[in-house]
Amino acid sequence: MVGAMPVNIIPKFYNGTIGGCNGMEDEMQVSIGSRVKSGDDFGTVKYIGEVQGYNGIWYGVEWDDVARGKHDGFVDNIQYFKTTKSNAGSFVRPNKISPLRTCADAIRKYYGDREDETVAAHRRTVINEWKREMGAPFIEMVGFEKIHQKQKFDRLQEVCVHDQNVATAGDVASLCPNVRSLDVSRNLFSNWREVIQLSAQLPDLKELDVSKNRMAIDMSEETLSQLSINFSSLEKLNISVCDYEWSDIVVLSHLWPKINEIIAAYNRIKKITSPEVTLRTLTILRLDGNPIDSWNEVNNLGRLNLKVLSLNDCEIGEIRFNNDPGNGKVNMFDNLEVLFLNRNKINDWRSISELDKLKNLKKLYFLKNPIQNSEDYDTTSQLVIAKIGSLQELNGSIITRELRRGAEYDYLKRYGGEWKLAQQDNALKMAFDIEHCRFQELLNKYGIPDDSLLVKQVRNTTLTSQLLEIILRDENGKILKKKFPSTMAVQKLVTLAQRLFSKTGNTGTPTLNLVDDQMKGAEITLDNVMKDLAYYSIKNGDTILVRFR
C-alpha cells in the first residue's frame with residue numbers, strides 16, 4: 001500500500017515502550033556498521049572479534065579522522081577489515097567505547113535532571129499546604145512526581161541532545177510527542193532507518209538537525225518516497241558535515257515532501273544535478289564550505305524555487321550565465337533574492353556583472369574574494385552596486401538612492417573612456433558589452449559624462465607599444481633587462497623576480513621598489529600586488545630594485 005511503512009522499520013510498541021522495555025531502554029549492542037565514539041574521536045565499526053596474539057574481543061574501527069588510525073585493517077599478515085581511507089583504522093577495546101544511547105534516554109536524562117528551582121520550591125509549598133489542609137502530614141503524594149515529570153516532557157517542543165552518544169530512536173512518542181524542533185547533531189546514527197523511526201513518533205516535527213552524523217543510505221528512492229509520510233510536517237533540515245555528495249541529498253530528498261530549507265554545509269558536494277521530481281518546495285539552500293569550483297554546477301539549481309542561496313567558503317573562481325552582451329535576464333533563479341558568496345576565489349569583475357542577469361537579486365554578501373584586493377572596500381562596493389541594478393542591500397548595508405546614483409555615475413566616469421574606444425571596433429565593442437553588462441543602461445539613464453571627467457585611457461595599437469623595457473637589479477648587483485606589458489600585475493612580476501634572482505643566494509618572497517629618478521633616487525614600494533605596472537607610472541628604462549626579506 002502506498003504510504004505504508006515497511007514492517008521491518010516500524011517501531012514496535014508494547015505497553016507504551018519500544019520492544020517491551022519499561023523506563024530506560026536495554027543496553028544497546030555494538031555491531032558491524034555501528035557508529036562509535038572513543039574520547040573525542042568518531043568512527044565506524046568494521047570488525048568485532050579476536051586479534052591474533054591478544055586476548056579478548058576487539059573492535060576494528062575506521063576513524064573519521066584519519067590521524068587517529070594506525071593501519072587499514074591489515075595487521076601481522078592478516079586482513080581483519082578494510083578501510084575506505086588509507087591508514088584510517090585501528091583496534092580498540094570495547095571498554096574504550098562510549099555506551100550507546102537511545103534518543104529517548106538522552107532526552108529523559110538531559111531534561112529530567114533539569115528543573116527550575118523556583119518551580120520545584122513552589123511545588124513543595126503546594127504539597128505541604130495540601131497536607132496541612134487535609135490534617136495528614138504523614139500522607140505521601142504517591143505518583144505526583146511521575147505526573148509532574150510526564151507533564152514536563154509533554155510540554156517540550158524544542159529538544160536538543162547534541163553529542164549524547166545517541167544511536168537509535170527509543171520510545172520518544174510516549175515521552176515527548178509534541179516536539180516540533182529536534183537537534184540530534186554529533187551523535188552516532190549509522191543509517192537513516194533510525195532517523196525515520198524517530199521522526200515517525202513526532203508527527204509535528206518541523207525542524208530537524210542531524211548534522212555531524214555519518215548515516216548510510218541503504219534504501220531505494222521508491223522506498224524513501226513511501227516513508228516520506230513520516231516527515232510530512234518537516235520544513236527545515238540540517239545535514240551539514242555528513243560526508244554526503246549532492247547525489248546522496250537528491251536520493252534522500254524523496255523523504256521530505258514539504259521541505260523549505262536545507263543546510264548541507266561542509267559536505268563533499270562538488271558536482272550538482274538538477275532534481276527531476278523532488279525539492280519543489282525548497283526556497284532556502286545553504287551549501288557553504290563545499291568544494292564547488294564551477295558556476296556551471298550552480299546553474300543546475302536554477303530551476304528550483306530558491307529565494308536564498310548560500311555559497312560561502314566554496315571554491316568558485318568565476319560566475320558565468322552566458323556570453324550574451326548586455327544585461328538581458330536569464331531564465332533561471334527566477335525568485336532568487338539573497339545570495340551569499342563570501343570567501344570564494346572570484347577574481348574578475350565580469351563575474352559581478354553577470355549577477356545583473358538575475359531577475360530579482362536584492363541582497364548580496366560578497367566579502368574576502370581576491371578581486372576585492374585590487375581596490376579599497378568603498379571602491380569595490382561602489383563597483384558592485386553599479387554593476388547590479390536590482391541590488392537593495394550589500395553585505396547587510398542598505399543601498400540608498402543617493403549611494404546608488406553616486407556609484408553608477410562614478411562607474412560611467414571610470415569606464416567611459418574605454419567605452420568610447422571600443423565603439424571604433426566591433427570586436428572590442430562586443431567584449432566591452434559582455435564585460436560591462438549594464439553600461440548601455442546607465443548611458444541611457446545618465447548620458448555619457450563630459451570628456452574632462454572621464455578616466456583617461458591609454459590607447460595601445462600594437463603589442464610592442466604596450467611593452468616596457470625595465471631594468472631589474474638585486475642587492476648583490478645582478479642586473480637583468482626585460483620587457484613586460486604595462487598591464488602586467490605586480491604579483492606576476494614578484495613571482496618572476498623570485499625565480500630570476502633565487503640562484504644568487506636569495507630566498508623568500510622579494511619586495512619590489514621603483515627607483516624614481518625625478519626624486520633623486522627615492523624609492524617607491526610596489527606594495528599593492530594586485531595593481532598593474534601602469535598604476536605606478538612605470539616607464540621605459542626605469543629601474544626596479546629586487547629585495548629579499
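Me: In what order do the five strands of the open sheet lie?
Reply: This is a predicted model, with local features needing pLDDT of at least 70, side-chain atom pairs pLDDT 80 or more, and totals for chains, interfaces and linings using all residues. Residues are numbered from 1 along each chain as its sequence is written, and side-chain values use heavy atoms, without hydrogens and water. Strands (E, at least two residues) and helices (H or I, at least four) are DSSP runs numbered from the N terminus, and two strands pair if DSSP finds at least two bridges between them. The pairing is mixed, and the order is β23-β22-β26-β24-β25.

Me: Why is one side of β23 and of β25 left without a neighbour in the sheet?
Reply: Look at the edges. β23 (479–485) and β25 (522–525) stand there, so one side of each has no neighbour in the sheet. The reason is that each has a single partner strand.

Me: How many bridges join β24 to β26?
Reply: β24 covers residues 510–516 and β26 residues 543–548. Val515 stands opposite Thr543 in β26. The two strands run antiparallel, and the bridges joining them number six.

Me: Is helix α4 mostly covered or mostly open, and how many of its residues are buried?
Reply: Buried means under 20% relative accessible area (exposed is over 50%, partly exposed in between; 1.4 Å probe, protein chains only). Trp192 and Leu198 are among the buried residues. Helix α4 (192–200) is mostly covered, with the buried count at seven of nine.

Me: Which residue caps the N-terminal end of α4?
Reply: Look at the backbone nitrogen of Arg193. A side-chain oxygen lies 2.9 Å from that nitrogen. The oxygen belongs to the capping residue, Asn191.

Note on methods: Polar contact = N/O pair within 3.5 Å; in protein donor to acceptor, adjacent residues only side chain to side chain.
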